[in-house]
Amino acid sequence: MAGARIGTGVDGTGVDGTGVDGTGVDADIHPEGEGVRHGRAVCALRPGTDVGRHARVLAHLHDAVLAGASPSPEIRSLVARSWRRVRAQGVDPERGEPAGPLAADELERRRSGSPLQRVLPELRAALTSVAEDARHVMVVTDADGILLWREGANRVRHRADALGFAEGADWSEASVGTNAIGTALAEGAPVQLFAAEHFVRSHHVWTCTACPVHDPRTGELLGVVDVSGPAETVHPTTVALVGTAVKLAEASLWRQHEVRLDALRGVAAPLLSAVPGAGLVVDDHGWVAAVTGMPSIERVAVPRADRPLAVHGVGLCVPEPVPGGWLLRSAGAGSGTSGGLTLTLELTGRPRAVVEGSARWVHPLSTRHAELLVLLARAGAAGLDAGALSAALYGDRDHLVTVRAEMSRLRRGLGGLLVARPYRIADEVAVHVPPLAGTVLAGSAAPGVRALLEAGT
């Protein structure tokens, strides 16, 4: 490893900022020492770095931190954050293999339940042959960091076995410290780690590049794709390679979604022909296959059998299961249910929303979500946009991202009783809010809630 320098690709070509698909890859030096960026991913080394010398420097810095020193500026902030997390979790830097692996039946259960099983052919086509040629292994994990599949060079797989880097093992940060898989899960972003950037000493002879995979329909984290090998094989192009493979896999998942949606349209046509008014058929994630009696829309909230759902243009709906999805039609349009629905906020003790109609269900609320519902209830049919909610909660309009994230979580929990543009409680829902004095919101610091308290409402 001594004397080797980053700057030549694994195929012998120079690294000139060209991606694996022939497109340009953004390569620059991060101002805070994050190394070389290729797209969103962060590479471990700058072009021209002496690999052996850098490995020795990292080893000294690792020893110093374990001895009680503060992380040096030479340690990338990504790595320093991870080291702080794993030390707080009590990970032993001298430990050996991770706990486990899982029993064979549990591993098979996770494999069969993983959506990534459907895109293994794409991942293998993009990465396995390259991994074998470049002395690497490719692994695919689930969202918990459990290794589900592993393929690649035989010699490297044998070395990986000695570390417990095998199917069924847990490679989350809490299990084995800073590593590309666990750190990519913790950071929610692509990660490349080299040598002593790993927290556990026995991992210092490795370099690893990992990228999270998300469900393109929902944004849900599905797992991680990782390529790992001996430390001297580190190269920035691996980041672009893994990232491109993940994009191809996510594109394949989206194509499969479209195929299932097309099949649902065949079910939808006869169902919707019998609906007297507006209605629609959606899949299990709320993606719309077909509509009748209303303008076409792309998606609604995720349907649940035990909760009504407000759909713009239809009104309040009670989801009815159909093969491959749900039929949504007005609660009064032949569904055999009443359209009346009452939302009562209970604010003594732990806040909760009580919804009553054809059925009764209770949804626990955080204090912040209780504040949001009170503000929306007082706003009435006019509703509030994200800026107005930000001002009511924080005193300024600068927290739009936070407000939208909280509203997204609240809308998921309340099954579509809340609608957007602007945010408001659905017209079909009668809302009861108790006087705020003496409730858990009596001490609220939100300006909008304080104003309601002062007004005695």
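Where is Pro422 found? Pro422 lies in the loop between strand S18 (418-419) and strand S19 (424-425); helices (H or I, at least four residues) and strands (E, at least two) are DSSP runs, numbered from the N terminus. This is a predicted model, in which local features need pLDDT of at least 70 and side-chain atom pairs count only at pLDDT 80 or more, while totals for chains, interfaces and linings use all residues. Residues are numbered from 1 along each chain as its sequence is written, and side-chain values use heavy atoms, with hydrogens and water left out.

**First selection: Arg421 and Pro422**

Select Arg421 together with Pro422: the peptide bond that joins them is cis, with omega at about -10 degrees. Arg421 is also in the loop between S18 and S19, and its phi is positive, near 60 degrees, in a residue other than glycine. Most residues other than glycine have a negative phi, and most peptide bonds are trans. Arg421 is exposed, with a relative accessible area of 82%; buried means under 20% relative accessible area, exposed over 50%, and partly exposed in between (1.4 Å probe, protein chains only).

Proceed to Ala195, in the loop between strand S6 (191-194) and strand S7 (206-214). Ala195 is not a glycine, although it has a positive phi of about 50 degrees. Is Ala195 buried or exposed? Ala195 counts as buried because its relative accessibility is 3%.

Next, select Ala240, which belongs to helix H8 (residues 237-273). Ala240 is buried, its relative accessible area being 14%.

Which residues have the most contacts inside the largest nonpolar core? They are Met407 and Leu436, in a core of 38 residues. A nonpolar core is a set of buried Ala, Val, Leu, Ile, Met, Phe, Trp, Tyr and Cys residues joined through side-chain atoms within 4.5 Å. Among the elements that give two or more residues to this core are strand S15 (341-346), helix H9 (367-379) and helix H11 (400-413). H9 gives the most, with 6 residues.

Centre the view on Met407. Leaving aside neighbours within four places in sequence, Met407 is in contact (heavy atoms within 4.5 Å) with Leu372, Leu376, Leu389, Leu418 and Tyr423. A second, separate core of 32 residues includes Leu147, Ala169, Val176 and Ala184. In soluble globular proteins, nonpolar side chains tend to be buried together.

**Final view: the whole protein**

Display the entire protein, whose secondary structure comes to 12 helices and 20 strands. Of its 457 residues, 49% count as buried.

Then colour the model by pLDDT, the predictor's confidence in each residue, from 0 to 100. The mean pLDDT of the protein is 83, with 86% of its residues at 70 or more. Confidence is highest in strand S4 (residues 137-142), at a mean of 96, and lowest in strand S1 (residues 27-29), at 31. Over residues 1-41 the pLDDT is below 50, and this stretch has 85 contacts in the model beyond near neighbours in sequence. Residues 334-339 also have pLDDT below 50, with 12 such contacts. Where pLDDT is low, the predicted coordinates should not be read in detail.
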